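Grab your viewer and work through a few exercises on this model. Each task comes with a solution that goes step by step.

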Amino acid sequence: MKITGCELRRLRLPLVEPFRTSFATQHARELLLLRILTPDAEGWGECVAMSDPLYSAEYSDGAAHVIQHFLLPRLAAAAEVSAAQVAPLLAPVKDHRMAKAAVEMAVLDAELQAAHMPFARYLGAVNDTVPAGVSVGIMDSTDRLLDTVAGYLDAGYLRIKLKIQPGWDVEPVRAVRERFGDDLLLQVDANTAYTLADAPTLAQLDPFGLLLIEQPLAEDDVRGHAQLAQRIRTPLCLDESITSARAAAHALAIGACSIINIKPGRVGGYLEARRIHDVATAMGAPVWCGGMLETGIGRAANVALAALPGFVLPGDTSASARYYAQDITAPFVLSDGHLQVPNAPGLGIEVQPDALEDVTLWRHYINLQSLR
Ligand code: SMG
Ligand code: MG
């Protein structure tokens with residue numbers, strides 16, 4: 001495929017309610033979208049970086065800069081580009097995996113539309129629907145937390161993930177377990193808020209039968225997670241630390257985790273995400289699909305990925321209404337606790353122009369010829 005142009009667009013979508021984690025409180029989702037133009041088809045890419053570098057080092061405006069000045073020129077220099085060639089072409093640029101993932105995603109969408117191939121089929125998906133979990137933020141009170149969880153369970157969510165941090169961990173977990181019973185699929189996510197010295201506190205979560213504890217320690221403390229795993233019974237799952245298939249193989253091999261949260265943006269794209277799925281599955285480790293408060297574009301791709309056979313745990317792939325009153329595509333809705341996997345060519349979604357304009361902060365068109 002020959003890429004002729006690329007439109008970058010910064011969006012701001014208000015959230016239906018604030019989302020508090022151990023690192024920030026978000027009231028709106030700010031993100032970068034990319035639209036790639038080719039003679040045969042257009043492709044959408046969503047960059048999952050946040051407005052501020054608090055979840056990881058990347059942030060939206062930085063991603064826009066690196067895409068325009070370092071990634072697109074490398075694609076422009078190649079006469080023809082296939083989706084599988086994007087990562088190798090961009091490999092000389094260090095890191096910036098979320099930016100690279102967005103570019104690869106847009107090329108994938110365009111290429112698969114031109115080939116009339118749905119993304120799920122391309123990836124090797126085996127399911128038509130995927131079970132939906134929901135990630136529940138830190139709240140001001142346990143009562144509010146219980147009301148919020150009750151609302152999500154009424155809506156049909158099949159698994160609850162509680163965001164935790166020191167001081168908001170054992171008691172909220174106890175309260176949710178007592179109120180909703182032992183059958184509730186329940187897990188927690190610390191977003192790196194603890195140290196190995198907190199092992200005794202984290203061990204206090206053992207009696208509550210959690211599916212997993214996600215990323216309790218620092219991103220670069222893989223060995224620390226392996227040590228922690230020896231001191232607690234709850235399975236460890238890594239998110240931030242898993243930046244590639246190699247990192248996944250290493251973490252599993254040394255016992256730093258037994259489950260992996262796969263987020264394509266964090267690992268440089270959907271093709272690397274699929275390799276992580278393959279490595280983990282070969283090593284007998286369950287995986288599940290994480291979330292970065294995606295619009296319908298990123299959600300469509302995540303849901304396709306989550307339909308691969310190794311995704312045996314419900315993901316943070318919630319319905320659009322959990323985040324946005326108005327999405328930029330037709331909303332993903334829960335049906336019996338599941339989301340439908342798109343089956344139209346490419347990502348299988350249509351962006352709604354008016355909804356998109358309503359949430360656009362700025363846009364910038366780049367002619368790839370001008371970069372040659
Ligand atoms: O998309 O439902 C979602 C968010 C899921 O908790 C979620 N994501 O560490 O897994 C994670 C967080 C990262 C984003 S928090 C603002
Ligand atoms: Mg996480």
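## Exercise 1: The two domains

The protein splits into domain 1 (5–116 + 350–371) and domain 2 (121–340), with bounds from an automatic or database domain assignment. This is a predicted model, where local features need pLDDT of at least 70, side-chain atom pairs count only at pLDDT 80 or more, and totals for chains, interfaces and linings use all residues. Residues are numbered from 1 along each chain as its sequence is written, chains are lettered from A and ligands numbered from 1 in the order in which they are written, and side-chain values use heavy atoms, with hydrogens and water left out.

**Task.** Describe how domain 1 and domain 2 meet.

**Solution.** 
- Step 1: start with the spacing. The C-alpha centres of the two domains are 24 Å apart.
- Step 2: look at contacts (heavy atoms within 4.5 Å). Here 36 residues of domain 1 touch 44 residues of domain 2.
- Step 3: get the buried area, meaning the accessible area (1.4 Å probe) that two parts lose on being put together, summed over both. That comes to about 3,400 Å², with 64% from carbon and sulfur atoms.
- Step 4: look for salt bridges (a side-chain nitrogen of Lys or Arg within 4 Å of a carboxyl oxygen of Asp or Glu). The rule finds two across the interface of domain 1 and domain 2.
- Step 5: see which elements take part, with helices (H or I, at least four residues) and strands (E, at least two) taken as DSSP runs numbered from the N terminus. On the side of domain 1 that touches domain 2, β1 (5–20), β2 (25–37), β3 (42–47), α2 (83–90), α3 (97–114) and α13 (353–358) each supply at least two residues.
- Step 6: sort that side of domain 1 by residue type. It holds 24 nonpolar, four polar and eight charged residues, where Ala, Val, Leu, Ile, Met, Phe, Trp, Tyr, Cys and Pro count as nonpolar, Asp, Glu, Lys and Arg as charged, and the others, Gly among them, as polar.

## Exercise 2: Positive phi

**Task.** Histidine 116 has a positive phi; is histidine 116 buried or exposed?

**Solution.** 
- Step 1: histidine 116 has phi of about 55° although it is not a glycine, and is found in the loop between α3 and α4 (119–123).
- Step 2: histidine 116 counts as exposed because its relative accessibility is 61%.
- Step 3: glutamine 215 has phi near 40° and is found in the loop between β8 (213–214) and α8 (222–231).

Conventions: Buried means under 20% relative accessible area, exposed over 50%, partly exposed in between (1.4 Å probe, protein chains only).
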